Amino acid sequence: MARKKILFIELQQETNSFSPLQTTIADFGNLILLYSEEIEPVARRTRYQLRGFYDAYDRYGKSDIEVVPVFSAWATSGGPLTLETWTHFLDVIENALRQHPDAAGLYLSLHGAMAVEGGITDAEGELLAWLRQRIGPEIPIGVSLDLHANLTRRMADNATFVLAYHTNPHRDHVRLGFRAAKLLFDTVHGRVKPVMAWRKLPLLKGGGYNIDFLAPMRGIFRRMAQMERQPGVLAVATLMVHIWLDDPELGWSVVVTTDNDRALAERLADELADINWAVRHHRHPEPDTPETALARLRRHRWRTRTGTAVFCDASDAVAAGAPGENTHLLKTLSEQAPDLITYIPIRDESAVNELYELAPGTTWKGTLGGRLEKRFNSPLPFEGIVVSHHQISQSGPILKETGRVVVLRRAGTHVIVTERANPVFRPEFFTQLGLNLWRADAVVVKNIFPFRYFFLPYNRLTLNVMTPGVTLIDVFGIGYERIPRPIFPLDDVRDWR
Ligand SMILES: [Zn+2]
């Protein structure tokens, strides 16, 4: 059999329309930015989509597939891409397409909630339409998305199939890449003919409770797994949307791909939309304010003797595009809980510049945070002792993303001042800086989902804190300008159809 040439492109960034910042090529460079032959050796060592892609290639593609890696780019969530960054990626793709006019298929590993400066709030839709125009209607484009993607008409119209994570917090990156690659190999060889049906739901529901293994989503993910075992079904997905993307098509969606069975795809898409819609009233627990969270921590302090409490700083979630410099929680903990051992990250590049000049043991007085985002936040006066300095050369990916770090301490309050924002997904963020989690009463994280999984060995009490901030969980307070109406829960919508 003739070898079929497959190009892959990985472009992952989740955009927060309400961030005052923009995402540049340097931001990709600080996380992952690899081109052509640089990609494979790195991808094979990671736990992400392209690892799965190469695993599938090893197993199914070696004899009849030729892989052309174009680029792999990931940036931390944040504001829209600059036009320059966007154009750069399009230029690289354009070149690759020109060099490989014989491409038989494309794999795109995308987030699905990316925006670009100048009002492009459906960047993936724009990219897919642009690609389709260049390569014509026949060449398959296989797409894998984050579960928080905002599936748009342009994305669905121009992709051959769309797959997504089946976990939240996301743990199946490798499996997703593997499934997408296998399906694309089968498609380019004509062994299957993907047919896709999708439904948009007028639904916005964010927050830390849309977890695949907890109610009410558990039953839905179980049903999705059943559907995928059904003969003729290639893939199904529920996309819960990143709620801080101000796009005219914002909303949950479901998508079902079958092997050339239109009726089956349509029927299952309706069922999947129905079962997601049916649990829309499920109430999330009310989040705490910093003060009520602290009071709860004091009531339950006995629990942290064998671990720590974790404050989820939900309104400053770096993982959802916030700047990571919100001072509300830092203010409460440093002023009202000096007796507790707390570890609190805050982004402040200019404070890091000052602190880096000071030897450990020196007292510093200045302000922290509140510099980038001024609507919800202002700089917090702080005095503390420099404990330690950390820089990129000392460690792996955490400090590459974060830049230089200085730990400052006042009584029990340990402030981790960082040059760039870090979502603090994993306990290693603290332990690599020499901060012992067994000794902490509480730590602060800047993400809404993944910590629930990665901090399990240490976490004895989760405190979800809501303050003013860029990633406010309460959709009534977000201040959308472009989203479709009516939409639940902002409006009373009876039927998703
Ligand atoms: Zn996600």
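Which residue stands opposite valine 256 in β9: what does alanine 197 pair off against, and where? Alanine 197 stands opposite valine 256, a residue of β9. Helices and strands here are DSSP runs, numbered from the N terminus: H or I of at least four residues for helices, E of at least two for strands.

This is a predicted model; local features need pLDDT of at least 70, side-chain atom pairs count only at pLDDT 80 or more, and totals for chains, interfaces and linings use all residues. Residues are numbered from 1 along each chain as its sequence is written.

Start with the sheet. It is open, has 3 strands and runs in the order β7-β9-β8, with antiparallel pairing. The edge strands are β7 and β8, and each pairs on one side only. From one strand to the next, the twist averages 10°. Two strands count as paired if DSSP finds at least two bridges between them. Strands of a sheet pair through backbone hydrogen bonds, either parallel or antiparallel.

Now take the pairings one by one. Strand β7 (residues 194-200) joins β9 through 7 antiparallel bridges. Within β9, valine 254 has arginine 199 opposite. Strand β8 (residues 233-239) joins β9 through 6 bridges, also antiparallel. Here valine 236 stands opposite valine 256. Strand β9 itself (residues 253-259) is mostly covered, with 6 of its 7 residues buried. Buried means 20 or more other C-beta atoms within 10 Å of the residue's own, with C-beta atoms placed from the backbone.

Helix α9 (residues 262-278) has 17 residues. From first C-alpha to last it reaches 24 Å, close to the 24 Å expected at 1.5 Å a residue. The expected span is 1.5 Å times one less than the number of residues. α9 packs on the sheet and touches β7, β8 and β9. Its direction makes about 155° with that of β9. Axes are lines fitted to C-alpha atoms, for helices over the stretch in contact, and angles run from 0 to 180 degrees between N-to-C directions. Among the buried residues of α9 are Leu268, Leu272 and Trp277. Their cover includes α8 (217-229) along with β7, β8 and β9.

Finally, step back to the whole chain. It divides into domain 1 (4-278) and domain 2 (290-472), with bounds from an automatic or database domain assignment. Their C-alpha centres lie 32 Å apart. In contact across the boundary are 20 residues of domain 1 and 22 residues of domain 2; contact means C-beta atoms, placed from the backbone, within 7 Å.

How values were computed:
Two residues are in contact if their C-beta atoms, placed from the backbone, lie within 7 Å. A residue is buried if 20 or more other C-beta atoms lie within 10 Å of its own, exposed if 12 or fewer, and partly exposed in between; C-beta atoms are placed from the backbone.
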